[in-house]
Amino acid sequence: MSVFASPRFLPNVMWADAASCAATGALQVAFTGALAGLTGLPAPLLMGTGVFLLIYAAAAAWMASRRTPPRTLIGLVVAGNFGWAVACVALLVSGMFAVTALGMAWVLAQALCVVVLAELQWTGLRRTRSGADMALA
C-alpha cells in the first residue's frame, strides 16, 4: 500500500501543518523583537502573523483529529496555503521592508513549506475523493 493511499495520509499531513505552524508561530510570538532585528521584518508583522499561525495550528489540529477529514475546510486550507506562499513572495519583491538575508530565508522557508503542505493536502483530498468514489461503485 502506497503511503498516499493510506487513510491516515491526509490527517497526518494536517498534523504536520499544525506542528509547523505552531512552531513558527511560537517562535515569532516569543522572540518578536529578536527576529525583527535579525530579519528586517517589522515586529508588528511578526507578532500578528505569529498569533495567526498559533490560531491556525489549533484549527489544523482539530481538522487532523476528526474521524472523517472535513474536506471543504481542508480545501480552503489548500487555497490559504498557496495564498500564504504568494504573499510571502510578494512581501519580498515589494521592497517595502529592508529584509536581511536571514529574513529572506525565513520568508522563503515559510513559502516553500506551505507550498509542499498544500500540494500534499491536495493529493490527500484527491485520494480520499477517489477512495470514496470507489466505495460507492
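**Figure 1. A nonpolar patch sits on the surface of this predicted model, made of Val-89, Val-93, Met-104 and Leu-108.** Together, these four residues show about 360 Å² of accessible area. Two elements give two or more residues to the nonpolar patch, namely H4 and H5. Let's pick out Leu-108, which has its place in helix H5. Leu-108 counts as partly exposed because its relative accessibility is 43%, and the patch takes in residues with over 30% relative accessible area.

**Figure 2. Stepping back, the whole protein is built from five helices and zero strands.** Follow the sequence from end to end and the pattern reads α-α-α-α-α. The C-alpha trace spans about 55 × 25 × 25 Å along its principal axes. How much of the protein counts as buried? Out of 137 residues, the share is 34%.

**Figure 3. Here is the second largest pocket, holding about 210 Å³ of space.** Helix H3 (43-65), helix H4 (71-94) and helix H5 (101-136) are the elements that give two or more residues to the lining of this pocket. Which of them gives the most? That would be H4, with four residues. The lining includes Trp-84, Ala-87, Cys-88 and Leu-91, along with Leu-45, Leu-46 and Thr-49. Trp-106, Val-107 and Gln-110 also line the second largest pocket, as do Gln-28 and Leu-41.

**Figure 4. A second look at the lining of that pocket, this time by residue type.** Nine of the lining residues of the second largest pocket are nonpolar and three are polar. As for charged residues, the lining has none. Gln-28, Thr-49 and Gln-110 are in this lining, and so are the two tryptophans, Trp-84 and Trp-106.

**Figure 5. Leu-54, a residue of helix H3, shown with Ser-20.** Along the chain, Leu-54 and Ser-20 are 34 residues apart.

**Figure 6. Arg-127 and Pro-7, a pair 120 residues apart along the chain.** Despite that stretch of sequence, 8.9 Å separates the C-alpha atoms of Arg-127 and Pro-7. Arg-127 has its place in helix H5. With 45% relative accessibility, Arg-127 counts as partly exposed.

**Figure 7. Ala-105, another stop on helix H5, viewed together with Ala-23.** The two alanines, Ala-105 and Ala-23, are 82 residues apart along the chain, and their C-alpha atoms are 16 Å apart. Ala-105 has a relative accessible area of 43%, so this residue is partly exposed.

**Figure 8. Gly-124, a buried glycine in helix H5.** What puts Gly-124 in its accessibility class? Gly-124 counts as buried because its relative accessibility is 2%, and buried means under 20%. The view also takes in Ala-61, 63 residues from Gly-124 in sequence. From C-alpha to C-alpha, Gly-124 and Ala-61 are 16 Å apart.

Note on methods. Residues are numbered from 1 along each chain as its sequence is written. This is a predicted model: local features need pLDDT of at least 70, side-chain atom pairs count only at pLDDT 80 or more; totals for chains, interfaces and linings use all residues. Side-chain values use heavy atoms; hydrogens and water are left out. On a 1 Å grid over the protein atoms alone, a cavity is a set of points where a 1.4 Å probe fits but cannot get out, and a pocket is an open set with protein on both sides within 12 Å along at least five of seven lines; lining residues have an atom within 4 Å of a point. Grid points are joined across faces, edges and corners, and a volume is the space filled by probe spheres set on the points. Ala, Val, Leu, Ile, Met, Phe, Trp, Tyr, Cys and Pro count as nonpolar, Asp, Glu, Lys and Arg as charged, and the others, Gly among them, as polar. Patches are made of residues with over 30% relative accessible area and no salt bridge: like charges are joined within 9 Å, nonpolar side chains (Val, Leu, Ile, Met, Phe, Trp, Tyr) within 5 Å. Accessible areas come from the Shrake-Rupley method with a 1.4 Å probe; for residues, only the protein chains shown count as cover. A salt bridge is a side-chain nitrogen of Lys or Arg within 4 Å of a carboxyl oxygen of Asp or Glu. Buried means under 20% relative accessible area, exposed over 50%, partly exposed in between (1.4 Å probe, protein chains only).
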